[in-house]
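Here are my notes from a look through this one. Have the structure open while you read, and take the points in order.

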Amino acid sequence: MYHLLNESPMLELCLSLLEEGVKQLDTYAPFPGKIHLEKAAQYCLGLLNLTLQKENLFMDILRESQLALIVTSLEQLLQGINPRTKKADHVVNIARYLCHGSANPELAFESSKILCCISCSSNIQVKLIGDFTQDQSISQKLMAGFVECLDNETTEEIINPFGELEVERKQGPIYHETRINILNLLITSLECSPPNLALYLLGYEFKKPVSTTNLQDPGVLGCPRTCLHAILNILENGTETRSGPRAVQQSPHLAELCYQVIYQLCACSDTSGPTMRYLRTSQDFLFSQLQHLPFSVKEHEIPALNQMSWLMKIASIELRVTSLNRQRSHTQRLLHLLLDDVPVKSYLADGEGGIEDESRSVSGFLHFDTASKVRRKILSILDSIDFSQEIPEPLQLDFFDRSQIEQVIANCENRSVRGPVICNVKHLHKVLVAEVNALQGMAAIGQRPLLMEEINTILQYVVERNKLLQCLYAKRHALESWRQLVEIILTACPQDLIQPEDRQLIIRDLLQDLHDKILNDDAAQELMPVVAGAVFTLTAHLSQAVRTEPKEPFAVPGHSHFVLMLDGSFAVPPGSEGMVVGFASIGDSSLHIILKKILDFILKTGGGFQRVRTHLYGALLYYLQIAQRPDEPETLEAAKKTMWERLTAPEDAFSKLQRENMAIIESYGSALMEVVCRDACDGHEIGRMLALALLDRIVSVDKQQQWLLYLSNSGYLKVLVESLADDDLKLQSLLTPQPPLLKALYTYESKMAFLTKVAKIQQGARELLRSGVIVRLAQCQVYDMRPEIDQQGIFGMREPPVFIPAPIERYRQILLPALQLCQIILTSSMAQHAQAAGQVLQFLISHSDTIQVILRCQEVSAGSLQELALLTGIISKAALPGVLGDYGLDTQDGMQIELQGHVGRFQRQCLGLLTRFGGSERLRLFKLQDDNVEGVKKRDEIELAMQQICANVMEYCQLLMMQSAPNFEHTVCLFTPSFSESISRDGPRQDSQPPVIPYWRLPGLGVIVYLLKQCANDFFNYYDSHRQGVSKLQNVEQLPPDEIKELCQSVMLAGVDKISTAQKYILAKRRLVKLINNRAKLLSLCCYIIETCLFILWRHLEHYLLRCIPADPQDSFLASRTPLKSRKLHDSCSSETRFDFRSSLSGMSQLDLDQIQNEASNSFGESLQKKLLDIESLYSKVRSRYTFIQALVRRIRGLLRISRT
């Protein structure tokens, strides 16, 4: 070894012998001693081979021995200069022996083995290609030698072992092994970056960019026969017969490597274009190969599975590329072959189908006689993958310790080349024999035969185990390739090549077959992850196919609508609900079978396999989405039906399928509940998020509330609530400028979304209050860690972060779910409303500093307005006098005084918000956003949030008045009798910024009147916009292309030009539905604000004009126009906090009251009254109160006409 790893005379002699030998053989003439020279050359090549195999081990031993010897790897020595030719041609001389493969197969075999070994190092590839192509004649000879070796027709197992020539029987395996070595050389080289040896041998450009190669048949345009032609020839032999490619049957391992080389050429970005073009146009390779799938060779199961794997991967790439390049005929032809369930006609040799092939769609003959049906090829391929696997019997040992043997086996394991981790049997044998030899004593000698017999048993077990691992690896590989092919067919191929009903049938068949195979008791658990991934993809596409399927209801007199069941589609015409025949083309029963199989699969995973269940939870969510009613436009026509018509309307398809789905889920009982609830509380983050999402969906459709009951009784709900304390610490770390992973944030959001869904149910809100969820939120410190807002904001940065949001945005992602949960609990809890309001008030007080910052609203953005809208909604229901009364504390108690102080501050700040968002400053704030807001969506959010804030504050004022003074005799006045705000803002300078009233001073009634006018104007704008949206939705196809594109861009930021017209219409409808529903919400809010403003204005005017007794006319209260300060009236009889002016109004004269009446009359003029009455007549269609606005307007008008003389 030492002499062969140095430039020694021994190595020089070997190399000179090899050079002389190939020179003599190249003469192709007999000479004396030829046989001996061939033998010497064979021994030299064998020496070099052994050296290459053992050099790494030798170098390791040499390092450990610490001897002062220097050695060089043989790969580097072979790249040295030949002293006789003055060239680095040692490797070329070795490769030239391949040209004599027919006459001397042993020499060619040894040469190919050496080339295969040295090609593994990437740095030698460029050197090799330079040496091989330096001389044109030698380059041509080498190419011919490689091709000649590949063209040798031999089989792995000699078919006729009793052949006449003994020599042929011996040489057959050598020829075969040489071909295997050459293919391994190509595979190894292709894994290196270009230029590499494989590109030269396969006929690609290596001096110019590889992608410029133009592959041709041998002889065309001077193209030589290359290794690629030889490989294609091996695979094509026999494709014209029924039995399929001959190599698959006779040389399975060789065929497997050939398919792998083709796949690597197709998968590499440089070689993909030329290769696929050549295979498609000159060879029709893929179609001729795929039509013989599945390959079934029982004796060679592993190679057959690998062959199919590589071939399916090539098919996936071809379908993807032809779809992208819009080569529809090629794509369609392959889809027919894979998906049709009718016998496929023979296609023309040029790869083009006839006219009828072009016109028909995939599975176009599904409605023909079922007798002519055949199994779809994609399903036949799945059938050929046997999911069951025989497991070897466990070891029964008498002498060796079983645990130690398992440890030794594990130590001898190593990863095979491009394969699974298997045990090295030879190494294990050495270790065990050494152990036996180490035993001493007479007893050991006597038992040696028994020990050796047990070693044989162990080795036999390991061989079987290796085969098991290889078989499972091959099955997994084949299943992955099948899944990839199915995903490409469903995702990348043009949608219109498969009819919608056929797509559903294909997915149904695939799902049912996959489930049947994996749910079999003998199915190997190792295949579960791949199957679960495929189930997830297929269910997602099934959900999409069913939801986008056009539905034709039965003809209803007066209705001829074509209903598209997609988000953004029209509702079923009134009176035609439930008349759709079945929910999907495949029928409800097929959907139910799929649901049962998914649930069976979830239960089969047991306690482990949480990652597998993650895919299945995703699949189940997609399935349940099928029965989820899509977003429907709020057309304001809903109230045309009477309540009785709504109650007695037949059950529609969505409700029916939802009810049946829930019945199936409930039939699985607590076993399924236990698995999902356990995953929701513990385990991998993604698994927990999806389990929580699944619980969220099930709880929302579970009318019997069985799941909610189980969550409460089993303690899982309590565990989820208690885990918020653990989340608190993780979330605090996320508010740093450079946060760690955001996993904790996403898990928290999922958890809060589920708790919010639970809180929407009355029983759920009760259980959450009992679990102390709001108390737990009050204890969380993360809500107090509000980051400082950077005034320059994210726009001040040169490169804004793409994925990780700014700290303030992260904080909002944490705070908003907590505020939403509080708001929904307040809304849902009926009997326990006082208890809920008390706990929420405690939450607000615990985080009062944060609450004060939000209420000041120093930054106006979509996020800050959403915070404010939620917070004012909570305060309007929680910070009320009645809530303080429920604490039952003494009036002099310090805690009571502190609570009153907090509530008073909340009330003052909320009333102060009216001036900012209810007056003309709202317009100024809204205009400021025009420059900063990206997209229409944010603008819609801001507009909605501003109206919501005003509605919440007005609701709060109304509740304060009602709770503090339940009867009309004692009205609490929250607004001063000043209309100056309304009058000054109606003047010529509307755009001038009014002075902001500090939050500790109460606004006048002018703010209410101004808000009333503003909302009346907004209402008509929103109403017109809403009506236009509905009109556009009904005539989407007639809209101009530019408008369609604009609508699409607000949904899809990029790539609008690349999608089809049908998809553009779907996106446009989706955007229009959102716009219509947004306008409907705004109309509802405007109407509510108008009603509340009128009520408050009426109560105040009634008090000022009817119940206020004028004082001495000399003291004019309004003469000085000094701002009125609020006073907190501390009544000894009650512990309520009030904002009242009546004590300040004792100095009002008759003159002041007359002035109030005049100002009110001027502000509340005829034009405003007409607008308000028009609003009621327009909007009363969707309201139950027809004359509420009319009654209030009449009363206010009456008050203003009262003569006070």
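1. Start with helix α10, where the buried residues are Cys 227, Leu 228, His 229, Ala 230, Ile 231, Leu 232, Ile 234 and Leu 235. That makes eight of the ten residues in the helix (residues 227–236), so α10 is largely enclosed by the rest of the structure. Bear in mind throughout that this is a predicted model.

2. Now for the charged pairs. Side chains of opposite charge can pair when their charged atoms come close. With a cut-off of 4 Å between a Lys or Arg side-chain nitrogen and an Asp or Glu carboxyl oxygen, the count here is 41 salt bridges. A few of them are worth a look.

3. Take Arg 333 and Asp 284, whose side chains meet in a salt bridge at 3.2 Å, N to O. The two come from distant parts of the chain, 49 residues apart: Arg 333 belongs to helix α16 (residues 328–339), while Asp 284 sits in the loop between α13 (269–283) and α14 (285–290). Both Arg 333 and Asp 284 are buried.

4. Glu 867 and Arg 786 make another salt bridge, at 3.0 Å from N to O. Glu 867 is in helix α38 (residues 862–878) and Arg 786 is in the loop between α34 (773–779) and α35 (807–828), so this pair ties together parts 81 residues apart in sequence. Are these two buried or exposed? Buried counts as under 20% relative accessible area, so Glu 867 qualifies at 1%, and Arg 786 does too at 15%.

5. There is also a network to trace: Asp 341, Lys 373, Arg 376, Arg 508 and Asp 509 are joined into one by salt bridges that share partners.

6. Tyr 2, Leu 67 and Leu 69 make a nonpolar surface patch of about 270 Å². Leu 69 is found in the loop between α2 (34–65) and α3 (74–78). With a relative accessibility of 38%, Leu 69 counts as partly exposed.

Conventions: Residues numbered from 1 in each chain as written. Predicted model: local features only at pLDDT ≥ 70, side-chain atom pairs only at ≥ 80, totals over all residues. Heavy atoms only, no water. Helix = DSSP H or I, 4+ residues; strand = E, 2+ residues; numbered from the N terminus. Buried < 20%, exposed > 50% of the residue type's maximum accessible area, 1.4 Å probe, protein only. Patch = residues over 30% accessible without salt bridge, like charges linked within 9 Å, V, L, I, M, F, W, Y side chains within 5 Å. Areas by Shrake-Rupley, 256 points an atom, 1.4 Å probe, with all protein chains shown as cover.
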